[in-house]
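I have opened a notebook for this one, and I will jot down what I look up as I go. Come along and check each entry against the view.

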Amino acid sequence: MSQLPIQLPIVQNWSCHSCGGCCKQHGITITEAERQRIEQQNWTEADGVPAGQPLFVREGGLLSRKWWRLSHQLDGSCVFLDPQGLCRIHGKFGEAAKPLACRIYPYAFHPSGRAISVGLRFSCPSVVLNLGKPVADQRGDIRELVQLVVPENALDTPAPAIKRGEKSDWEDVLQVVDALDRTLSSDAPVIVRLLRTLQWMDLIRQATLTKIKGTRMKEFLGLLTEAADAEIPALPELARPSNLALTMFRITAGQYARRDAYGTIDQSLRGRWRLFQYGIRLTRGVGLMPPLRSELHEVPFAALEGDFGPLPAEADEILSRYLQVKLRSLHFCGRAFYGMSVVDGWFSLALVIPSTLWIARWLALSAGRTTWVREDIAQALSFVDHHHGYSPFFGSWSHRRRVQSLMQMGEIPRLCVHYAG
């Protein structure tokens, strides 16, 4: 197999710091060959695997394809996670012996026309905090993973539509991506930069692009971005989001806040009823917040709407880097994101920011504070990005319609400003 060209996020660092988080929140699907290899490793109680603990679980039903996944301990951890947060397979046989799904995380690989763009999942705390070696210096290791998981015909993947209902080619899609990157790379605060992108992307949403191609697209984007920079020089004072918008937003942010680590969802009738009640409380937005996870306490809804002071200085860097990594890896549109167009995917990604800030407020209140700190932002973003692009909810028809409604109502910029202060 020939080497595929890859593009790495130059703004991102990452090394594994053995927190064990990924081993506690994901179900690891393995191939039959991986299952056989692990069986031949002859794991016993002397290796730390509890007596009677199965190593694998067979998934799938009578009418669907069956597959294997690694088993989990009673606390939800992978069967091979030791008390120090280390992988027993890695420790005994080396990294190459681990299942491929474990070796890949937190990387994500997406076709981008002429190359494979590399992104990272911010559900990993080390990614959020930018800890470790520059990703740009890990090209050899990443290329090895790309060779293992990306098919050679990946560069034949058709370009996503820039807007719904109109076909696009990779040249024009990448011109839009480059324009977004230029807007995000300015020195303005991250919320200001995000608002600028939303302004000119909304104009693209309303335009007919069938004759705006190549050089015309480049000129068109230049005019839009220059106008947005001039019209939004600083954080504007926008009207408070409407009650309808806040209701739709709470449904979305509540889904981001949920804990759905593998094996932790109560599928009983009582558990389903509890989730239904939580959904009703989020829709109404009065009284106490539902305790969607242990870190988020039952605090008053009204308290989340208060003044939390300016964002911590580090928050601007974290959120800016997040947007740039998702953008450059195309982890917001096309096959990498529920088949969404560039415009719809970007507005959906923009909703991550107020959702993160809303959850960060909730974390601060749960800790007895009415001002936020960097850790609130970082932890909230790890909650949110665990779901974004991976949870079926965010690819559902109902969520797509919700994003489109908020977009058409002009509410997404208002939500960004409302929860940033």
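**Entry 1: a surface patch.** Which residues form a nonpolar patch on the surface? I looked, and Trp273, Phe276 and Ile280 do, with about 330 Å² of accessible area together. A note on terms: patches are made of residues with over 30% relative accessible area and no salt bridge, like charges being joined within 9 Å and nonpolar side chains (Val, Leu, Ile, Met, Phe, Trp, Tyr) within 5 Å. Accessible areas come from the Shrake-Rupley method with a 1.4 Å probe, and for residues only the protein chains shown count as cover. I found Trp273 in helix α11, residues 269-284. Helices (H or I, at least four residues) and strands (E, at least two) are DSSP runs, numbered from the N terminus. Trp273 counts as partly exposed because its relative accessibility is 49%; buried means under 20% relative accessible area, exposed over 50%, and partly exposed in between (1.4 Å probe, protein chains only).

**Entry 2: ground rules.** I noted that this is a predicted model, where local features need pLDDT of at least 70, side-chain atom pairs count only at pLDDT 80 or more, and totals for chains, interfaces and linings use all residues. Residues are numbered from 1 along each chain as its sequence is written, and side-chain values use heavy atoms, with hydrogens and water left out.

**Entry 3: salt bridges.** Side chains of opposite charge can pair when their charged atoms come close. I used this rule: a side-chain nitrogen of Lys or Arg within 4 Å of a carboxyl oxygen of Asp or Glu. By that rule I have 19 salt bridges.

I picked out Glu59 and Arg69, whose side chains meet at 2.5 Å, N to O. Glu59 is in strand β3 (residues 56-59) and Arg69 in strand β4 (residues 67-70), so this pair ties together parts that are 10 residues apart in sequence. Are these two buried or exposed? Glu59 counts as buried at 18% relative accessibility, and Arg69 counts as buried at 12%.

Next I went back to helix α11, where Trp273 sits. The side chains of Arg281 and Glu298 meet in a salt bridge of 3.0 Å, N to O. This pair links distant parts of the chain, with Arg281 in helix α11 and Glu298 in the loop between α11 and α12 (313-328), 17 residues apart. Arg281 is partly exposed, with a relative accessible area of 22%, and Glu298 is also partly exposed, at 44%.

Arg374 is partly exposed at 32%, and Glu375 is partly exposed at 45%. I also found a network of salt bridges linking Glu32, Arg35 and Glu39.

Entry 4: Rolling a probe the size of a water molecule over the atoms shows where empty space is left. On a 1 Å grid over the protein atoms alone, a pocket is an open set of points where a 1.4 Å probe fits, with protein on both sides within 12 Å along at least five of seven lines; lining residues have an atom within 4 Å of a point. I looked up the second largest pocket, which has a volume of about 470 Å³. Grid points are joined across faces, edges and corners, and a volume is the space filled by probe spheres set on the points.

Its lining has 25 residues, and Gly21, Gln25, Arg293, Ser382 and Phe383 lie nearest its centre. The elements giving two or more residues are α1 (22-25), α5 (125-128) and α15 (374-387). Which element gives the most to this lining? I found that α15 does, with 8 residues.

Entry 5: Most residues other than glycine have a negative phi, and most peptide bonds are trans. I found a cis peptide bond joining Tyr105 and Pro106, with omega about 5 degrees. Pro106 lies in the loop between α4 (100-104) and β5 (107-111). Ser18 has a positive phi, near 55 degrees, and is placed in the loop between β1 and α1. Asn130 has a positive phi too, near 60 degrees, in the loop between α5 and α6 (139-149).

**Entry 6: a covered helix.** I ended at helix α13 (residues 342-350), where 9 of its 9 residues are buried. Among them are Trp346 and Phe347.
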